[in-house]
Amino acid sequence: MAIYDYAVIRVVPRVEREEFVNVGVVVSCQQTGLLEAGIELDAARVRALDPHIDLDTLRAHLQAIATICRGGPGSGPIGALPPRARFHWLTARRSSIIQMSPVHTGRSADPASIVETLLDRMVRVIGAREAGSGRRE
């Protein structure tokens with residue numbers, strides 16, 4: 001069994017209201033060297049909390065999370081850090097529009113499926129996958 005840590009990526013359009021929409025997960029598994037972000041932005045759910053949110057800017061910032069997880073060229077100075085340090089940097093507490101949940105720990109016999117499993121459990125609307133809607137933007 002692989003032990004992994006994860007945090008849920010939340011969009012908090014109006015920080016003062018503390019309302020949020022789960023839009024992704026960041027997963028770190030030291031055993032397998034996994035550091036990956038799965039992101040699925042449901043624009044309608046976010047707009048329900050703030051009809052004036054700049055979705056293009058939000059998408060760019062969410063994409064930066066995935067880029068930092070991948071590391072390498074184009075990922076900036078944080079992307080040059082070791083994977084575990086990048087995970088800790090990404091999951092540090094912030095008071096901004098994009099926030100992370102507390103870090104949780106899990107176990108899996110199939111580390112390759114962790115991100116999809118967590119997206120199903122924590123991000124996707126219940127029943128949406130069965131209805132064939134699959135990934136959002």
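**Cavity, rings and a strand**

Author: By class, the residues that line the largest cavity comprise two nonpolar, no polar and three charged ones (Ala, Val, Leu, Ile, Met, Phe, Trp, Tyr, Cys and Pro count as nonpolar, Asp, Glu, Lys and Arg as charged, and the others, Gly among them, as polar). This is a predicted model, in which local features need pLDDT of at least 70 and side-chain atom pairs count only at pLDDT 80 or more, while totals for chains, interfaces and linings use all residues. Residues are numbered from 1 along each chain as its sequence is written, and side-chain values use heavy atoms, with hydrogens and water left out.

Reader: Which residues line the largest cavity?

Author: The lining consists of P13, R14, R17, E19 and L49, where a lining residue has an atom within 4 Å of a point of the cavity, a set of points on a 1 Å grid over the protein atoms alone where a 1.4 Å probe fits but cannot get out.

Reader: And what volume does the largest cavity have?

Author: Its volume is about 30 Å³, taken as the space filled by probe spheres set on the points, which are joined across faces, edges and corners.

Reader: Switching to rings, how many aromatic pairs are there?

Author: The structure holds one, formed by Y4 and Y6, which are tilted with 6.1 Å centre to centre and 40° between the planes (ring centres of Phe, Tyr or Trp, the last by its six-membered ring, must lie within 6.5 Å; planes under 30 degrees apart are stacked, over 60 edge-to-face, the rest tilted).

Reader: Is Y4 buried or exposed?

Author: Y4 counts as buried because its relative accessibility is 8%, and Y6 is buried as well, at 12% (buried means under 20% relative accessible area, exposed over 50%, partly exposed in between, with a 1.4 Å probe and protein chains only).

Reader: Which ring does the charged end of R10 sit over?

Author: That of F20, 4.3 Å from its centre, and R94 lies over the face of W89 at 4.8 Å from the ring centre (NZ of Lys or CZ of Arg must be within 6 Å of the ring centre and within 35 degrees of the ring normal).

Reader: Last topic, where is S108 found?

Author: S108 is in strand β5, residues 104–108 (strands are DSSP runs of E, at least two residues, numbered from the N terminus), and S108 is buried at 12% relative accessibility. R107 lies in strand β5 too, but R107 is exposed, with a relative accessible area of 59%.

Methods. On a 1 Å grid over the protein atoms alone, a cavity is a set of points where a 1.4 Å probe fits but cannot get out, and a pocket is an open set with protein on both sides within 12 Å along at least five of seven lines; lining residues have an atom within 4 Å of a point. Helices (H or I, at least four residues) and strands (E, at least two) are DSSP runs, numbered from the N terminus.
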